[in-house]
Amino acid sequence: MKHKDAFDPVTLEILWSRLLAIVDESALALQRTSFSTTVRESNDFAAVLLAPDGTTLAENSLGAPSFAGVMTLVMRHFLDRYPAETWRPGDVALTNDPWFSTGHLPDTTTITPIFHRGRLVAFTGNTSHKADIGGVGYAADAAEVFEEGLRIPICKVQRGGELNEDVMEFIRANVRVPDSVLGDLHAQIAAGHVCGERVVEFLEEQDVPDLAALGDAIQGRAESAMRQAIAEVPDGEYRFEMEIDGFERPTRIVVTVRVRGDELEADFTGTSAQSRRGINAVFNYTYAFSCYTVKCVLDPFTRKTGGSYRPMRIIAPEGSILNARRPAAVNARSMTGHCVSSALLGALSQALPDRVIADSGSCPGLRVACYGVDRHGSRFAQILFPNGGMGARPHVDGLSCTGFPTNAGCAAVEVMEGVAPLVFWERELLPDSGGPGRQRGGLGQRVVVEVVSREPVALSTQFDRIDHPAWGLFGGLPGGAARLVMNGSERVPAKGRVIARPGDRLTIHYAGGGGYGPPTERARALVARDLRDELISAEAARAIYGYDGGPR
């Protein structure tokens, strides 16, 4: 391997694919050795390979966007604490500080240096969501971050291959399910070692001292692809504003997208001030979902690296709900931060109507966390990850029960029932929840779950889209709203905590995605199909689509 200009396209594709395969193997090691369903089943983790300066070279294929996309910013904090020359083989650093990492305490990030022939040649990092981190649990109603759990400053959890047992004991003493939490942390450490071993094997095979030339080529190609994609967008300013439920009052998200040549700026000035409750997002989180959304729209096929994000500038005023100051509560940051994607799609729809989707009912991801004692007398912590429907696309209906912008998914019912005292009585598509349109929004779902423990179970809810359902585009109508009810009639707070008694049943409606285009333009055959498949009701077919059963 020589200078970056010497790489022909075929060689670069082969070598780039190899790095991606290495990171994917690291991610698979994390997933398969983890203890929690959050990682093992719901995909709430990511792994990356970084250059010695902290810029991202490769992200695993299915990594959570809020984890992988922010790792370059995260790495700057690690290098401030531990400069490059202070790292040694066998070191592993750790943090879950929301402002240094991915935005809330349940996410732990580990960084492992990679050495080859006595030189630091790369870092590997991974982040995963823990089943518990102490404090109030995975709740939205805390007033300060201090209530939300254990904060781990940037520290060495392993030095020279020796585990720092003091750090592990601090964590064990502060969480409800220590075996699960520490098991997942050991999985992160193991995944870092796997990545390091494979990178060294790669360098030996190629007989090169480091990744410098290949890294420059990869990041340069990714940057060029993004700049070319931005240049194809008409220059101008595209402004969009929207409201979501918020906590005590609706949250207003405002974005102005400015395109000038081959650079793009997303400015969230005008967005609501930070909240007194835990729905605040830190800048890292806002940055990650902003870059991810723009890349999905403009350059979906080039593999993501740090170079992909160089042509973008993200602005979120400090003290806003998208760039909250310490010590704001941030546990439910996804309730706001996910909707960065919705606002950006609304703005970009003005320039690229055929490249965006309508708003998604799975944005933000709607979550219920359960804490208690299982039938064997052991403590459990389980998060429910079902999703609502995605927004309709310009030429195709939205996907039902599919997460966006997060790609976290729901564990199988049988798995959740096996690890927690819960019984799922229903899990079915919600008819009429997909926003009507020429292309219909994806459907949400109805889930009914019963608590079957011998003792009460604490439930923490993070829900939105109850009062502000997902909006449609270009004449498309909103998707169905979310809803939470206990025992058929008891109101459950959208962002709060309740106690469920043995035998209580929680009914959850996950929101549907918005429609695209006027419903009256929907093909009659598609309306007939939806009616036959019970995705829409006969009343909706007549009143909204104007369908009388005849051909068009």
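This is a walk through a predicted model, with a residue or element to select at each stop.

Residues are numbered from 1 along each chain as its sequence is written. Because the model is predicted, local features need pLDDT of at least 70 and side-chain atom pairs count only at pLDDT 80 or more, while totals for chains, interfaces and linings use all residues; side-chain values use heavy atoms, with hydrogens and water left out.

**Stop 1: helix α1**

Select residues 9-33, which make up helix α1. Helices here are DSSP runs of H or I with at least four residues, strands are runs of E with at least two, and both are numbered from the N terminus. The 25 residues of α1 should span 36 Å, and its end C-alpha atoms are 36 Å apart, which agrees; the expected span is 1.5 Å times one less than the number of residues.

Now colour the buried residues of the helix, among them Leu12, Trp16, Leu19, Val23 and Leu30. Buried means under 20% relative accessible area, exposed over 50%, and partly exposed in between, using a 1.4 Å probe and protein chains only. These buried residues pack against α2, β1, β2, β5, α6 and α7.

**Stop 2: Ser128**

Next, pick Ser128 in strand β5. Is Ser128 buried or exposed? Ser128 is buried, at a relative accessible area of 0%. Its side chain makes a polar contact of 2.6 Å with that of Lys130. Such a contact is a pair of N or O atoms within 3.5 Å; within protein, one must be able to donate a hydrogen and the other to accept it, and residues adjacent in sequence count only if both atoms are side-chain atoms. Beyond neighbours within four places in sequence, the contacts of Ser128 (heavy atoms within 4.5 Å) include Leu30, Asp44, Phe67 and Gln188.

**Stop 3: aromatic pairs**

The whole structure holds 7 aromatic pairs. Show Trp87 and Phe123, an edge-to-face pair at 5.1 Å centre to centre and 70° between the planes. The pair links Trp87, in the loop between α4 and β3, to Phe123 in strand β5, 36 residues apart. Rings of Phe, Tyr and Trp (its six-membered ring) pair if their centres lie within 6.5 Å; planes under 30 degrees apart count as stacked, over 60 as edge-to-face and the rest as tilted. Trp87 is buried at 1%, and Phe123 is buried at 0%.

Then move to Phe463 and Tyr510, whose ring centres are 5.6 Å apart with planes at 50°, so the pair is tilted. Phe463 lies in the loop between β16 and β17 and Tyr510 in the loop between β20 and α12, so this pair ties together parts 47 residues apart in sequence.

**Stop 4: charges over rings**

**Stop 5: backbone details**

Stay with Arg326: its peptide bond to Pro327 is cis, with omega near -5°. Pro327 is in the loop between β11 and α9. Another cis peptide bond joins Cys363 and Pro364, with omega about 5°.

Finish at Arg117, which has a positive phi of about 55° although it is not a glycine. Arg117 is in the loop between β4 and β5 and is partly exposed at 49% relative accessibility.
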